[in-house]
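Please examine the model shown here with its confidence, its ligand shell, its domains and a few individual residues in mind. The report below takes these topics in turn.

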Amino acid sequence: MTGLRTRIAGVAAAAVFAFAGQALAQGAAPPDTVAAIRARGSLVCGVAINAPGFALPDSRGEFRGLDVDTCRAVAAAILGDATKVRFVPNTAVQRFPMLQSGELDILARNTTWTLGRETSLGLAFAGINFYDGQGFMVRRSANVTSARQLDGATVCVQPGTTTELNLADYFRTNRMRFTPVVIESVEEIRAAFVAGRCDAYTNDISSLASFRATRTTDADSFLLLPEVISKEPLGPTVRKGDWRFFDIVRWSLYAQIAAEELGVTSANVEELARTSTNPDIQRLLGRSGDLGRSMGLNNDWAVQIIRQVGNYGEMYERSITPIGIPRGVNNLWNNGGLHYAPPIR
Ligand SMILES: N[C@@H](CCC(=O)N[C@@H](CS)C(=O)NCC(=O)O)C(=O)O
């Protein structure tokens, strides 16, 4: 009995040692991410380089988008200030090593939650901030109206993505051939497509829509084909192991979803925090229970998120509606969509 316990303790100690050793070797942040964020006074958030609607600096250099706001909500919860975020743009290939090495606290970069990413990369997905799917865009002049007509096409695709794998699956399943044109940079891949170096451009549909929305003069020369060939649930990702930080990221997003369901907005949150008699609202806004403190935060954590960043619907309207994607599956569950926050109690 004692022998077994010692052996288990030994294995556990070795595992901890190996993890610490690896963390040190990689120059990782200390395992207590929240303490590191507080000491630094900011959250470090990895985002896409050029993803209008998700992450892109505006003309004043201020980052805007749904992924940007997902990080701002976490900063509001931990630091009480949604502006205390350092955004670090990265490519699809760079993103996971940057998070693993501790260069980032959190990755919010159009990143699809998959089993393999969660089990083999040491990363955990804290939630889903956008339900996406993969599609194809073609030049209208090609006279193609369905992806099934793409047999023999050259297809532009970004490496290190689920996109690359789904593309191969789709063509194999439909017994069609294709030639990939693999380009890491989003600007270069789009330039290649516009210049006719590939017949089709495949990506998350949100990205194809934002590409077209940002074509000011020739948007009509591009056509999004009707097929949706995959499920791409996108969401914020953190390193496994620091579960307190994971909880905060997960419940910051759920707080925004629950707030929309409860009708709590950036405009009315302060008043509701004072006056609401709805028990769900009182718990969400820290007027009853000790939910913030149970995560090591102030009990007004969700008030800060909603006041400074808004509820999920406000975040969507601000960032995604302008690129022309209707709420659809990104509606709340009780409005025909998929967003559903577990009870905040
Ligand atoms: N969701 C896919 C694709 C992610 C991806 O890289 N998407 C493109 C389209 S949204 C992107 O972020 N491009 C912008 C950029 O590279 O800055 C994945 O997780 O592998």
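## The ligand shell

By class, the shell around the ligand in this predicted model comprises six nonpolar, eleven polar and two charged residues, where Ala, Val, Leu, Ile, Met, Phe, Trp, Tyr, Cys and Pro count as nonpolar, Asp, Glu, Lys and Arg as charged, and the others, Gly among them, as polar. In total 19 residues surround the ligand, and the closest are Ala48, Ile49, Ala92, Thr161 and Ser207; a residue is taken as near the molecule if its C-beta atom, placed from the backbone, lies within 6 Å of it.

At least two shell residues come from each of α6 (162-173), β11 (200-204) and β13 (232-234), the helices (H or I, at least four residues) and strands (E, at least two) being DSSP runs numbered from the N terminus. Domain 1 (33-131 + 234-335) and domain 2 (134-230) each contribute at least three residues to the shell around the ligand.

## Confidence and conventions

Residues are numbered from 1 along each chain as its sequence is written. Because this is a predicted model, local features need pLDDT of at least 70 and side-chain atom pairs count only at pLDDT 80 or more, while totals for chains, interfaces and linings use all residues.

The chain averages a pLDDT (the predictor's confidence in each residue, from 0 to 100) of 92, and 91% of the residues score at least 70. Confidence is highest in helix α3 (residues 66-79), with a mean of 99, and lowest in helix α1 (residues 2-25), with a mean of 40. Over residues 1-25 the pLDDT is below 50, and this stretch has two contacts in the model beyond near neighbours in sequence; two residues are in contact if their C-beta atoms, placed from the backbone, lie within 7 Å.

## Two domains

The chain is divided into domain 1 (33-131 + 234-335) and domain 2 (134-230), with bounds that come from an automatic or database domain assignment. The C-alpha centres of domain 1 and domain 2 lie 29 Å apart. Their contact takes 15 residues from domain 1 and 16 residues from domain 2. On the side of domain 1 that touches domain 2, the residues divide into eight nonpolar, seven polar and no charged.

Asp204 lies in strand β11 and counts as buried because 24 C-beta neighbours are found inside 10 Å; the cut-off for buried is 20 or more other C-beta atoms within 10 Å of a residue's own, for exposed 12 or fewer, and for partly exposed in between, with C-beta atoms placed from the backbone. Leaving aside neighbours within four places in sequence, Asp204 is in contact with Asn110, Asp132, Gln134 and Glu232. Asp204 and Ile229, 25 residues apart in sequence, are 9.7 Å apart in space, C-alpha to C-alpha.

In helix α8 (residues 205-213), the buried residues are Ile205, Ser206, Ser207, Ala209, Ser210 and Phe211. The elements that cover the buried residues of α8 include β7 (130-132), β8 (134-139), α7 (186-194), β11 and β12 (222-224).

## Two asparagines with positive phi

Asn110, although not a glycine, has a positive phi of about 45°, and its place is in the loop between β5 (106-107) and α5 (115-120). Asn110 counts as buried because it has 28 C-beta neighbours inside 10 Å.

Asn143, also not a glycine, has a positive phi of about 55° and is placed in the loop between β8 and β9 (153-157). Asn143 is exposed, with 9 other C-beta atoms within 10 Å.

## Buried positions elsewhere

In helix α14 (residues 312-319), Tyr312, Gly313, Met315, Tyr316 and Ser319 are buried. Seen down the axis of α14, these buried residues fall within an arc of 160°, so they line one face of the helix, the arc being that of the directions from the helix axis to the C-beta atoms. Among what covers the buried residues of α14 are β3 (63-64), α3 and α9 (243-262).

Val264, found in the loop between α9 and α10 (269-275), is buried, with 28 other C-beta atoms within 10 Å. Val264 and Ile306 are 42 residues apart in sequence and 7.8 Å apart in space, C-alpha to C-alpha. Leu43, found in strand β1 (residues 43-47), counts as buried with 29 C-beta neighbours inside 10 Å, and Leu43 and Val74 are 31 residues apart in sequence and 8.0 Å apart in space, C-alpha to C-alpha.
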